[in-house]
Amino acid sequence: MKKNFEQQIDAIVAETQQLLSDPQRAAQAAMPGQAYFLSQNKILALPRDNGYSRYPYGQNGFNFWVYASGYMHSNEGLFSHFLRAAEGQEPNIAFFMGLPKDNGRFSVVPLMPVPQSCYEADHEKTTRFTVFSTSAAYFITQTDGLQTALRVLVTPDRAVCFSLEARNLTDKPRSFFLSSYLNPFLRHQIFETGEDRWFKEVRVLPPGPKQGELGSFLVQVNEDKDRLTSVSYYGVVRRGLTLDAGSKLTAHEETASRYQYVGGTRGSLHTASPLAAGTFGKPRHVCAFTETGIAGDILKLELAPSSRARLDIAFTHTDDAALAQQQAQQPIVLDKIEDDLDQLDQADTSRHIPLTASVGPATGSIKTDVFNPFFEHLKRQVEFCSLIKGYIQLSPNSLIGIRDVFQALEGLAFWRPDATRAKMLEALGYTAPDGRCFRQYSLPSAAGQVGRMDLRQFIDQGVWVISTITTYIRVTGDWAFLDEACGYYEIVDEERGQVNPSDKQGSVLEHMIKIMDYMLSKRDHDLTGCLRAMYGDWNDALDGLGVSQDPARPYGSGVSVMATLQLYQNCQEMIELLSGQDKLKAKYPARISQYRDDAKELEQGLKKYAIVQDSQGEKRIVHGWGDKRSYLVGGFKDPDGKARDGLTSNAFWVLSGLHGKDTAMGRTILDAFGRLDSKYGLKTFEPYFAEDAPGVGRIRKLPGGTAENAAPYVHATTFAVMALFQMGRAEEAWQQLEKILPFTDIHENLSHSPFVMPNAYGYNPEKFIDGQNMNDWQTGSSNVVLKTLIRYVFGFEPTLDGLWVQPAAWLPFESFKFQARYRGCDVEITLQNKGKGKRSFIVDGQPHEATPDPLLGTDKLWIANGSLGQDTLRVSVTQ
């Protein structure tokens, strides 16, 4: 049943108080970083000073970030609605309450943890906490007999709605003020310059006929797109106040001037003296050119005993001046906000219901009350990474990565195939006619313009495209996708990243064939037959292998073993696809034969050159080598003279299928994993590359024990976890999973959100680094963890011909229930661990014979496509 705003707040406060008053219950729901899971997958975040938790709101690439600290910022691609403030800087969105003092001034209480106010010293007993749902964020503040609750949400039509409730918890009337501060940006930039204020104007508008006492603010920002095109963007800030009987608004002030709000050029929100005085003075209802315009107010209220006041603020933006003026006159309709929130909740549930999982009682550091909601947020993290529009990291080079988005889409395909299909078509369009995938692309900011491109020749881009499309067709059976048409871009200037749309088009399958041709042409045909590194591979920090010894050649013959293994896997995938339908098999017999020959040559090159051996007979799989194989990396003597292990080449020896074909290197791989193991999981390299390490590129500039340089770079670690499952080492795989899952007990120093996957964990005691993580949300580790859970933990493994049901041989929980969609059929897999020792399968009430799998070390069940005659299929596994 839908709850109104007041009921939502009452329920959140009651549940939070109940949880924190029950230490045993709190321990079961606790995560690092002062965070807990509440009911319905909500997240409780208490204030912390060693990091932050955050959640993105919005749809279709519009990202409105809300931090538990109270910081907020938003962008859609390069267009920034509100800029991100660095740690310690004043936020661009803030709310305050002013409590009257005996001397006529006010104690200023921030209604979110930031900004800290120098005028809050009188209220040391103030309690604050933040709650994230998947559709809205809530900030609760309790102090001096008053409670405020700020809800933040982004409606389906992209309005940002702030609903602020103030409640008198006492039996006496209370006087105080509420104040809001919004500083919109509205430009295609991710940083502010000294000139931006010249082209921004903010006006305070009188209230419209249906708006009550509070009018709107109108923000206008002018931006030149090019020499001939100038565009104006408009932000509208509408307000509405609702009071219980017996309460009243006694006065209100508005200002468009940041200086007037904070107290001048030396002031900030931390020291906003006008708030302490309770007045802005002489009103400034227009602000332009000489200073930064903002939307700020002070609303003085008298609240009756046990009553509430509700302030609603809606921010919208448009490039239509007439529409902005019209919006500025419209009242805020409370029922619409609640309906919008209900619609967001329903849409979120609808999007994610096709893929669900829940586990029973668990052992070790896996807590059921944490793992189950974590799975839900992990899905949303993968969805977020799949559908980005760029500039997530708010860096000029943070575009839409081909490798990044296709890896994420491979996970999204399991429950959002339509969205996966559309995004793949978009990304495939950023391919050159010769099959070269761009490293990164950006969407145009206006019609007729071309977005910014990253054309560095990282050789691995195409390998992810082939694998993802193959997985998509395995899951969906959507063979028609291969016939969809998409375009190309012609490279005009390599160095400057300039491209033009091509007049050529091709089907998805034609794109895939061209991509294969491009990658196969970049092999070292003179010696090893392996795939040259060019600018680099997935581990883009190690970008030195492709450097040429010949100044006349941009790239040498240096090789990436990981990318070569992936190309070997792509050959198998293309053979599988082209053999999967009679019409394709008849049309492409030469291609099928070619890919078989290519795979054989790659396998021979890998076995001859990627495996090295010392005088004692010990073997290693190297990471790669430099031009003309003049030095190796990840062998017994790297160019810095050290013996070293690399993680990804070992992992992909398994993931490529080579280990399944010949297990002779299994012991070598496991020994390498053993040497790479650490407190926080498997490291990308060991030992680290010092600053003077030659031949490896920029990785040597990273401190040892951070990111890719001898730390658990979690994306790489997850490749190895998946490999361990494939090798039948399920218990060892879970040991590594427990180390990298952010909610487990070892992550007491976690510095980012504990409910989604991070980028990396650092460990360098000399630099006071011990478990802090590099980033959250936009991480490749999320999709690999999700795919590992789907395919190798819950055992949902689709193929072109049918579905394998193959739960892991070892699990840290007694039972699970998993549901996913396979070719229009909802498949439910349940498992009960009854200690029987032998596994049995029952499908829709009928026992089925199991198939032993010596590699996975367990029995599995085959369900052919022809037996999927109904809308649902229930598989029960006992062991």
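Me: Where is F768 found?

Reply: F768 is found in the loop between β35 (761-764) and β36 (769-773). Strands here are DSSP runs of E with at least two residues, helices are runs of H or I with at least four, and both are numbered from the N terminus. A note on the source: this is a predicted model, local features need pLDDT of at least 70, side-chain atom pairs count only at pLDDT 80 or more, and totals for chains, interfaces and linings use all residues. Residues are numbered from 1 along each chain as its sequence is written, and side-chain values use heavy atoms, with hydrogens and water left out.

Me: What phi does F768 have?

Reply: Positive, about 60°, although F768 is not a glycine.

Me: And is F768 buried or exposed?

Reply: Exposed, because its relative accessibility is 75%. The cut-offs are over 50% relative accessible area for exposed, under 20% for buried and partly exposed in between, with a 1.4 Å probe and protein chains only.

Me: What about K628, what is its phi?

Reply: K628 also is not a glycine and has a positive phi of about 60°. K628 sits in the loop between β31 (624-625) and β32 (632-633), and at 58% relative accessibility it counts as exposed.

Me: Switching to prolines. Which residue is joined to P687 by a cis peptide bond?

Reply: E686, with omega about 0°. P687 lies in the loop between β34 (685-686) and α18 (714-726). The bond from V114 to P115 is cis, with omega near 0°, and P115 is in the loop between β9 (106-110) and β10 (127-132).

Me: Now α5. Which of its residues are buried?

Reply: In α5 (residues 321-328), A324, Q327 and A328 are buried. They are on the same side of α5, because they cover an arc of only 100° around the axis; the arc is taken from the directions from the helix axis to the C-beta atoms.

Me: What do those pack against?

Reply: The buried residues of α5 pack against β16 (217-224), β17 (230-243) and β21 (308-318). Contact means heavy atoms within 4.5 Å.

Me: Which residue caps the N-terminal end of α5?

Reply: D320, with a side-chain oxygen 3.0 Å from the backbone nitrogen of A322.

Me: Last one, L399. Buried or exposed?

Reply: Buried, because its relative accessibility is 3%. L399 is in the loop between α7 (368-386) and β23 (400-401). Beyond its neighbours within four places in sequence, L399 is in contact with residues including I388, Y391, Y441 and M453.

Note on methods:
A polar contact is a pair of N or O atoms within 3.5 Å; within protein, one must be able to donate a hydrogen and the other to accept it, and residues adjacent in sequence count only if both atoms are side-chain atoms.
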